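User: I'm new to this one and could use a guided look. Could you take one part and go through it closely with me?

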Amino acid sequence: PDGPVYEWNDIVATGTQVTNWIPTSVYSGEDEGKAGPFPLGFTFKYYGVEYSNVWFCSNGFITFTDITDAGMSNPLMPDTEIPNNLIAGIWDDLDGGSTGQVYYKQELNKFIVQYNNWPGYSSGVGPFTFQFVIHKNGKIILYYKTITGTSTSCSVGIENQTGSDGLQVAYNATYLENNLALQFSAEPEWLLAENLQGTVYNGNS
C-alpha cells in the first residue's frame with residue numbers, strides 16, 4: 001500500500017544489448033561474469049559517494065565499482081564480503097545462457113538496465129524479466145515484470161561500498177511477484193521543477 005506505481009518501460013527495441021560479458025571465474029561470462037563499465041550520463045550519489053559508471057553482473061545485481069567476484073552465492077544484506085557497492089534486483093545463481101539478454105538505455109536524468117528473460121542456473125529458477133532505474137536525483141526504482149518458477153532463493157536490497165551498511169528487502173523469501181515496483185530514495189523530493197531555466201525579475205516570484 002502507498003508504494004511506487006508500477007510503470008514498465010520496455011527497452012528491448014530502444015536500448016543497447018550487452019554482448020561483451022567477461023568471466024570472473026572459470027565459468028562463462030553469462031553464468032559467472034560481468035559487463036561494463038557503462039556511463040550513466042550523469043553523476044549519481046550513492047551512500048555519499050558520486051559515481052558516473054555502472055557494471056552489470058550475470059547474477060542479477062549491478063554495482064558502482066568494478067566486479068571481481070560475481071557472487072555465485074547470495075548473502076544476507078549488508079555483507080562485508082565482496083561484491084559490495086551494489087543494487088541487488090534478483091541476486092541469485094543465475095545464468096543468462098542462450099535465452100537471457102540484458103539491455104541498457106540512457107534517458108533524460110535516468111539510466112535503465114533491463115534483464116530480459118534471464119534464467120537461473122538451477123532448473124525451475126526463473127526466467128525473470130526485471131529492471132533497475134537509476135534516477136539522477138538519487139532515487140532507485142526496481143520493476144519486476146515477470147517472475148516465473150522459483151524466486152525464493154535470492155537477495156533483494158542495496159549496500160554501500162564496504163558492505164557495512166545497507167537495506168535488505170528480501171532474503172530467500174516469498175516476496176517477488178509480477179508487476180511489482182520497489183523504490184529506494186536517498187533524500188526526500190522536496191522540489192520538482194518543470195522549467196529548468198528562466199529569469200525572475202526584481203519584485204516578482
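Predicted model: local features only at pLDDT ≥ 70, side-chain atom pairs only at ≥ 80, totals over all residues.

What radius of gyration would a compact globule with 205 residues have, and what does the protein have? After that, please look closely at the hairpin of β11 and β12.

Analyst: A compact globule with 205 residues would have a radius of gyration near 17 Å, and the protein comes in at 18 Å, which agrees. Along its principal axes, the C-alpha trace spans about 70 × 30 × 30 Å. Of the 205 residues, 45% count as buried.

As for what the chain is built from, there are 13 strands and zero helices. Contacts reach across the sequence, too: among those between residues at least 6 apart, 57% join residues at least 24 apart.

Now for your hairpin. Strand β11 covers residues 155-159 and strand β12 covers residues 166-171, and the two pair in the antiparallel sense over five bridges. Within that pairing, V156 stands opposite A170 in β12. Six residues sit between the strands, and in this hairpin G163 takes a positive phi near 75 degrees.

One more stop is C154, which is buried, with a relative accessible area of 3%. The structure holds zero disulfides.

Note on methods. Residues numbered from 1 in each chain as written. Heavy atoms only, no water. Pairing = 2+ DSSP bridges. Helix = DSSP H or I, 4+ residues; strand = E, 2+ residues; numbered from the N terminus. Disulfide = S-S within 2.5 Å. Buried < 20%, exposed > 50% of the residue type's maximum accessible area, 1.4 Å probe, protein only. Rg over C-alpha atoms; globule rule 2.2 N^0.38 Å. Contact = heavy atoms within 4.5 Å.
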